[in-house]
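Morning, everyone. Please bring the model up on your screens. I'll walk through it piece by piece.

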Amino acid sequence: VILHSNWRHSHYEIDLIAFKEERLHFIEVKMRSSKKFGLPEEGVTRQKFERLLKAADEFLFLHPQYKHVQYDVLAISCYKNEAVEFFYIGDVYF
């Protein structure tokens with residue numbers, strides 16, 4: 001169940017916040033429409049992930065009822081003349 005999309009607090013943002021099987025998922029979504037900059041999942045850098053962690057900390061402070069959390073990446077490749085591809089990476093840590 002998607003609880004929030006583009007959730008913001010201060011200057012932090014979480015692309016998707018979802019709840020499934022007693023676990024809260026913080027999901028970073030990356031999309032590429034060109035191969036020029038590499039695969040979309042390569043766009044999730046350590047710095048980007050740290051910002052996701054800080055945003056998640058703020059969300060959990062405001063919503064302390066969630067006990068189990070997970071950080072995920074959804075990579076979307078949408079190249080011209082090719083089928084759209086989704087690559088879900090669950091339980092990511094840097």
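**Starting at Gln70**

Leave aside the neighbours of Gln70 within four places in sequence, and Gln70 is in contact with Arg23, Leu24, His25, Phe26, Gly90 and Asp91. Contact here means heavy atoms within 4.5 Å.

Some ground rules. This is a predicted model, where local features need pLDDT of at least 70, side-chain atom pairs count only at pLDDT 80 or more, and totals for chains, interfaces and linings use all residues. Residues are numbered from 1 along each chain as its sequence is written, and side-chain values use heavy atoms, with hydrogens and water left out.

Back to Gln70. Gln70 sits in strand E4, residues 69-77. Helices (H or I, at least four residues) and strands (E, at least two) are DSSP runs, numbered from the N terminus. Is Gln70 buried or exposed? Gln70 counts as buried, because its relative accessibility is 12%. The cut-offs: buried is under 20% relative accessible area, exposed is over 50%, and partly exposed is in between, with a 1.4 Å probe and protein chains only. The Gln70 side chain also makes a polar contact with the side chain of Asp72, at 2.8 Å. A polar contact is a pair of N or O atoms within 3.5 Å; within protein, one must be able to donate a hydrogen and the other to accept it, and residues adjacent in sequence count only if both atoms are side-chain atoms.

**The sheet**

Now the strands. Five of them form an open sheet, in the order E1-E2-E3-E4-E5, with mixed pairing. Two strands pair if DSSP finds at least two bridges between them. Which are the edge strands? E1 and E5, since each pairs on one side only. The twist averages 30° from one strand to the next. E4 and E5 run antiparallel, joined by 5 bridges. Ala75, for one, has Phe87 in E5 as its bridge partner. Helix H1 packs on the sheet and touches E1, E2, E3 and E4. The direction of H1 makes about 65° with that of E2. Those axes are lines fitted to C-alpha atoms, for helices over the stretch in contact, and angles run from 0 to 180 degrees between N-to-C directions.

**The cores**

A nonpolar core is a set of buried Ala, Val, Leu, Ile, Met, Phe, Trp, Tyr and Cys residues joined through side-chain atoms within 4.5 Å. The largest one has 16 residues, and those with the most contacts inside it include Leu24, Phe26, Phe59 and Tyr71. H1 gives the largest share of this core, 6 residues. A second, separate core has 5 residues, among them Leu16 and Ile76.

**Aromatic rings**

The whole structure holds 7 aromatic pairs. Rings of Phe, Tyr and Trp (its six-membered ring) pair if their centres lie within 6.5 Å; planes under 30 degrees apart are stacked, over 60 edge-to-face, the rest tilted. Trp7 and Phe59 are edge-to-face, 5.1 Å centre to centre, with 85° between the planes. Trp7 is in strand E1 and Phe59 in helix H1, so this pair ties together parts 52 residues apart in sequence. Phe59 is buried, at 1% relative accessible area.

**Two positive phi values**

Most residues other than glycine have a negative phi. Glu22 has a phi near 65°, a positive value. Glu22 lies in the loop between E2 and E3, and Glu22 is exposed, at 61%. Asp91 has a positive phi too, about 60°. Asp91 lies in the segment after strand E5 and is partly exposed, at 42%.
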